[in-house]
Amino acid sequence: MIKYKALLFGSIGTIVETSDIQRKSFNEAFKRKNLNWIWTKKIYEKLLKKSGGKDRVSNYALQKKISVDEVKLRELKTKIFNNYLKKNKLKPRPGVKEIISYCKKKRIKLGLVSSTTQNNINSIFFCLRKSLNIKDFDFIGNSKLAKNPKPFPDIYKFALKKLKLKANECIAIEDSQESLNSAKKANIKCLVFPGKFHASKKFKGAEKIIRKISRNIIEK
């Protein structure tokens with residue numbers, strides 16, 4: 001029996017594993033701007049506690065006690081990241097393709113409640129074009145649609161309004177604690193599908209931590 005009317009993927013990381021690609025894109029951006037910064041996997045994992053590349057750069061610069069143009073750095077990183085995605089084909093994370101097909105069949109609405117840039121959204125769907133279709137989603141968010149970024153609930157509340165659904169009619173999937181907090185503040189139950197850089201986290205407030213997406217997440 002179907003339990004929810006909508007499945008809300010909360011970030012691009014719940015659909016495809018991109019964390020290490022993003023880390024390398026940041027490092028390439030630093031190199032081009034003559035910054036002697038190298039974000040190792042260990043450093044990047046700590047930085048991921050904050051949502052949004054601009055804030056990560058800003059906080060890191062504060063730690064290093066130097067001034068940088070975090071907006072331009074983030075824009076350059078995004079350009080490098082998007083160029084990579086346009087030249088390479090990636091596969092969806094385990095179970096993503098199957099659950100989307102199932103939701104379409106059962107007429108369960110699909111959302112990508114992301115607060116990343118529209119360029120990132122476009123590039124993700126381009127590199128996944130053999131597996132996923134952007135038209136299958138009833139709502140797709142971006143950074144321009146919410147006044148406050150995650151962990152604020154703004155983007156989730158906007159999604160509920162557009163989908164014409166109540167919070168208890170939806171189930172969200174997130175991949176980080178900060179994004180989980182965003183869903184919870186919107187009173188939406190949230191599963192956590194951690195990526196490689198979040199696998200060791202405990203995720204306070206999650207309904208459940210899953211390693212693969214399957215149809216039982218939206219069934220009683």
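I take buried as under 20% relative accessible area, exposed as over 50%, and partly exposed as in between, with a 1.4 Å probe and protein chains only. By that rule C170, at 1% relative accessibility, is buried.

The model is predicted, so local features need pLDDT of at least 70 and side-chain atom pairs count only at pLDDT 80 or more, while totals for chains, interfaces and linings use all residues. Residues are numbered from 1 along each chain as its sequence is written, and side-chain values use heavy atoms, with hydrogens and water left out.

**Cysteines.** I searched the whole structure for disulfides (a pair of cysteine sulfur atoms within 2.5 Å) and found zero. For C170, the closest cysteine sulfur is in C103, 11 Å away, too far for a bond. I also looked up C127, which is buried at 3% relative accessible area.

**Sheet.** I took strands (E, at least two residues) and helices (H or I, at least four) as DSSP runs, numbered from the N terminus. Strands pair if DSSP finds at least two bridges between them. Six strands make an open, parallel sheet, ordered β3-β2-β1-β4-β5-β6. β3 (139-140) and β6 (208-209) are the edge strands, each pairing on one side only. I then checked β1 (residues 6-9) against β2 (residues 109-112): four bridges, parallel. F9 has L112 as its bridge partner in β2.

**T116.** This residue lies in the loop between β2 and α6 (118-127). T116 is buried, at 13% relative accessibility. Beyond neighbours within four places in sequence, T116 is in contact (heavy atoms within 4.5 Å) with I12, R74, I121, N142 and S143.
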